[in-house]
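Open the model in your viewer and keep the selection panel at hand. The stops below say what to select next and what is there.

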Amino acid sequence: MDNLIFEKVDNYIAELLAPEDKALTDTLDSIEREGIPSISVSAPQGKFLQVMALACNAKNILELGTLAGYSTIWLARTLPEDGKIITVEFDEHHAAVAQKNIDNAGLSAKVNIRIGKAIDILPQILANEEGPFDLVFIDADKPPYKEYFEYALQLSRPGTIIICDNVVRNGAILDENTTDERVQGVQRLNKFLSTCNKVTATIMQTVGAKEYDGMAIAIVK
Ligand SMILES: C[S@@+](CC[C@H](N)C(=O)[O-])C[C@H]1O[C@@H](n2cnc3c(N)ncnc32)[C@H](O)[C@@H]1O
């Protein structure tokens with residue numbers, strides 16, 4: 001079986017259950033136009049994030065890793081009138097493009113982009129008592145994934161859903177001798193999840209048009 005079947009099924013799911021409107025396709029166009037890496041979640045994954053946000057009645061969402069705002073838009077669309085999403089982005093160019101895409105989607109009132117390294121912004125969010133968050137989506141740089149998850153726990157309530165993207169990495173997580181810091185980062189997180197008694201967690205493998213990877217999904221007890 002080659003990746004073509006995964007791509008075709010991804011397109012089938014997207015057309016059926018996760019069609020993109022103009023604000024989302026404009027966002028993808030902006031990624032290409034602005035020379036930003038094409039590493040957003042897929043449309044079915046964006047819809048998955050929406051399903052999760054609705055499952056926990058999310059009113060307060062935290063995202064690490066905005067890129068051009070594609071996943072932010074999927075998530076923000078589930079929020080009630082007074083709902084908010086804080087999304088953290090290190091790269092100023094990505095953040096500026098994301099802001100335009102979020103404005104274009106009519107979501108400026110609900111989305112707050114924080115520019116800086118997540119490891120610096122998370123303690124500020126904690127100190128400012130901006131939690132608890134109902135859903136946390138971790139999709140920034142991989143080496144500190146465990147630290148990000150520990151902050152997410154501190155910013156949670158019982159029932160908070162924490163989702164971490166890219167934790168399978170084409171199966172590279174099986175390689176105990178890997179020297180890839182990104183793989184080592186998600187391995188540390190995955191191991192932590194196996195011993196953390198504060199959550200019930202699993203990892204779903206994901207295949208699709210872009211890659212073979214996986215998402216960790218944890219519910220805070
Ligand atoms: C995989 S992309 C996010 C994709 C986005 N969630 C989506 O699906 O549309 C990762 C983003 O994290 C940002 N990033 C990398 N290191 C970071 C850090 N230390 N703190 C915050 N953001 C970071 C990158 O600049 C990039 O825009």
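**Starting at the cavity**

The lining of the largest cavity divides into two nonpolar, five polar and three charged residues. In this classification Ala, Val, Leu, Ile, Met, Phe, Trp, Tyr, Cys and Pro are nonpolar, Asp, Glu, Lys and Arg are charged, and the others, Gly among them, are polar. To show the lining, select Asp10, Ser40, Ser42, Gln45, Thr206, Val207, Gly208, Ala209, Lys210 and Glu211. The space inside is about 60 Å³, and the count of cavities of 30 Å³ or more comes to one.

Cavities and pockets are found on a 1 Å grid over the protein atoms alone: a cavity is a set of points where a 1.4 Å probe fits but cannot get out, a pocket is an open set with protein on both sides within 12 Å along at least five of seven lines, and lining residues have an atom within 4 Å of a point. Points are joined across faces, edges and corners, and a volume is the space filled by probe spheres set on them.

The model is predicted: local features need pLDDT of at least 70 and side-chain atom pairs count only at pLDDT 80 or more, while totals for chains, interfaces and linings use all residues. Residues are numbered from 1 along each chain as its sequence is written, and side-chain values use heavy atoms, with hydrogens and water left out.

**The second largest pocket**

Next select Asp10, Ile13, Pro44, Gln45 and Val207, which lie nearest the centre of the second largest pocket among its 20 lining residues. Elements giving two or more residues to this lining are α1 (3–17), α3 (43–55), β6 (199–207) and β7 (212–220). Helices (H or I, at least four residues) and strands (E, at least two) are DSSP runs numbered from the N terminus. The most comes from α1, with six residues. The volume is about 400 Å³, and the lining has 13 nonpolar, five polar and two charged residues.

**The largest pocket**

Move to Ile39, Asp139, Ala140, Asp141 and Lys142, which lie nearest the centre of the largest pocket; 35 residues line it. About 720 Å³ of space lies there. Its lining comprises 13 nonpolar, 10 polar and 12 charged residues. At least two lining residues come from each of α4 (70–76), β2 (84–89) and α6 (118–127).

**The ligand**

Select the ligand and its 22 surrounding residues, of which Val41, Gly65, Ser71, Glu89 and Asp139 are the closest. Here a residue is near if one of its heavy atoms lies within 4 Å. Which atoms of glycine 65 and serine 71 lie 2.8 Å from a nitrogen atom of the ligand? For glycine 65 it is a backbone N or O atom; for serine 71 it is a polar side-chain atom. An N or O atom in the side chain of aspartate 141 is 3.1 Å from a ligand nitrogen.

**Two buried residues**

Select threonine 160, in the loop between α7 (145–154) and β5 (161–165). Threonine 160 has a relative accessible area of 0% and is therefore buried. Buried means under 20%, exposed over 50%, partly exposed in between (1.4 Å probe, protein chains only). Its side chain reaches the backbone oxygen of phenylalanine 133 at 2.7 Å, and a polar atom of that side chain lies 2.9 Å from the backbone nitrogen of arginine 157.

Finish at methionine 52 in helix α3, buried at 16% relative accessibility. Outside four places in sequence, methionine 52 contacts (heavy atoms within 4.5 Å) Leu135, Ile161, Ile163 and Ile217.

Terms used:
Polar contact = N/O pair within 3.5 Å; in protein donor to acceptor, adjacent residues only side chain to side chain.
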